[in-house]
Structures are given as structure tokens and as C-alpha cells.
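The exercises below are meant to be worked through with the sequence and the model side by side. Try each task before reading the solution that follows.

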Amino acid sequence: MATAGPTFRCGTFDDADAFANFENELDWSLESTQISPGTYELDFEVFISPGISVSRLTTRQAVSDRFTVPDDVVVCSISRSNLSHTWNGKRVPPTMMGICLPNIDHQATLPAGWGNYEITVSDRLVRQLDLLPAGFFERTRRLEHATLPLTNPVATQFITRLDTHFEQARNGGSHGVAPASAPAFPEAIALGLLDIVDAGINSENKHTLASVRRPDLVRKATDYIEARLNSSLTIEGTCRE
């Protein structure tokens with residue numbers, strides 16, 4: 001599995017559209033909207049290498065993202081904060097890893113201060129490593145099966161290892177300069193992710209994702225609309241209520 005060292009890129013974005021354009025350059029389809037007040041700020045770092053890439057993201061403001069992942073890859077999302085986020089109408093706690101497949105429209109709402117690691121793995125490498133068990137892809141078409149529990153100490157050790165790689169790259173420079181140990185990085189991450197997946201599949205700590213749909217909000221919206229049947233209505237006003 002030896003490969004050339006990965007390319008390291010990092011930056012801070014002060015505009016949601018600018019970040020979406022950057023992601024689109026990486027073959028993602030992303031629309032990002034800030035939904036909390038204040039100045040937009042998002043820190044983004046990524047190692048890009050053949051077969052497997054890893055990004056580290058931290059958002060200072062709450063955002064709503066609509067996205068699809070590139071074809072022929074699987075994307076695993078591991079939280080770096082103690083905050084839950086919503087994904088396709090489900091609340092995902094920080095103790096769960098999300099697995100995003102291509103050719104599906106995803107929607108995520110991320111709270112201010114939320115951060116994660118996103119590991120993008122090619123289909124070829126998924127098959128080479130036997131990363132996911134037979135039938136897993138079919139089950140993940142139902143979103144309640146598209147997560148795995150993060151089991152300690154395996155998860156904590158893996159996140160610590162990722163932190164070390166990224167801090168070394170930061171110290172080495174932000175213009176494509178990776179640390180001397182970079183050639184071993186893709187293999188170490190692939191094997192670490194394999195440990196994470198195995199531990200999650202074998203864990204007895206199964207978790208059912210709770211829906212974020214709230215009947216009280218539907219009732220409030222209905223009351224708001226009914227009270228204004230003879231006046232103008234806007235989507236923005238209804239959502240605000």
C-alpha cells in the first residue's frame with residue numbers, strides 16, 4: 001500500500017460561498033449557509049493522497065449544508081467536539097461515526113463550535129481492506145444504519161493520532177509541505193479507520209438516532225399560517241416563527 005506523501009492544504013474561510021467553492025474543487029457538491037449571527041469563520045485542513053484523504057474542519061458559526069460526496073468513495077465523519085449535529089433529519093451524537101455514500105443528497109446542520117474529521121476512502125481501497133462487511137452498503141440506504149458507535153480506547157487513540165499528524169503538518173508549513181513521516185500517513189490512517197469500524201460493528205453499544213422533527217414546531221407554524229390567511233406570507237417569516 002506504499003504511496004507518495006500526501007499534499008497538505010489549510011486555510012481559514014470568512015465566507016460560506018468561498019468554502020463551498022473550495023469543496024467543489026475537491027469534487028464535492030456543497031451549498032453552505034450560515035444560520036447564526038456573527039462573522040463567518042471556518043478553519044479547514046486537508047491531507048490529499050491517492051485512495052484516502054483526511055480533512056479537519058472547525059466552524060465558528062452554525063451552518064446548514066446540503067451536499068453530495070464524490071462518486072466511487074465512502075466518507076466517514078468523526079466528531080472532534082462534544083456537540084451533536086443533525087444529519088438528514090436525525091440527531092447524531094458525538095459518540096457516533098457517520099458514513100456518507102455517494103449519489104445521495106445529504107443535509108447537515110452544524111452548531112457553532114462543531115468540528116470533525118472527514119475521511120474519504122476510494123471504493124478500491126474499501127474493497128482492498130474489507131473495510132465494511134458484506135451488505136453494509138445496502139443497509140446504509142436506511143439512515144439509521146449509516147452510523148457506527150465510536151468505541152474507546154480505539155476511537156480516542158485514533159483521534160489523537162490524527163491530531164498529531166495535522167499539528168506536525170501545520171508546524172511544517174501550510175503550502176503543500178507535509179512532515180517527513182507523511183509517506184506512512186495514508187497507510188496509518190487506513191489501518192486506524194479499519195480498527196474504528198471493526199470496534200463499532202462489534203460494539204454492544206448500539207444507538208438509535210433520534211428524529212429532530214418536532215411536533216410543537218409544526219403546530220406553531222400551522223398557527224402562524226392560519227392567522228395570516230388573508231395577508232401575505234413568506235417562507236422566511238414562517239421559518240422564523
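**Exercise 1.** Which residue in E11 is the bridge partner of Leu 57?

*Solution.* The model is a predicted one, in which local features need pLDDT of at least 70 and side-chain atom pairs pLDDT 80 or more, while totals for chains, interfaces and linings use all residues. Residues are numbered from 1 along each chain as its sequence is written, and side-chain values use heavy atoms, with hydrogens and water left out. Strands (E, at least two residues) and helices (H or I, at least four) are DSSP runs, numbered from the N terminus. The bridge partner of Leu 57 in E11 is Asn 116. E4 and E11 run antiparallel and are joined by seven bridges, where two strands pair if DSSP finds at least two bridges between them.

**Exercise 2.** Describe the largest cavity and its lining.

*Solution.* A cavity is a set of points on a 1 Å grid over the protein atoms alone where a 1.4 Å probe fits but cannot get out, and lining residues have an atom within 4 Å of a point. Grid points are joined across faces, edges and corners, and a volume is the space filled by probe spheres set on the points. The search of the whole structure finds one cavity of 30 Å³ or more. The volume of the largest cavity is about 310 Å³. Among the 21 residues that line it, Phe 67, Ala 108, Trp 114, Asn 116 and Glu 118 lie nearest the centre. Elements that give two or more residues to this lining include H1, E5 (63–68) and E10 (106–110).

Conventions
1 Å grid on protein atoms, 1.4 Å probe; cavity = no way out; pocket = protein on both sides within 12 Å on 5 of 7 lines; lining within 4 Å.
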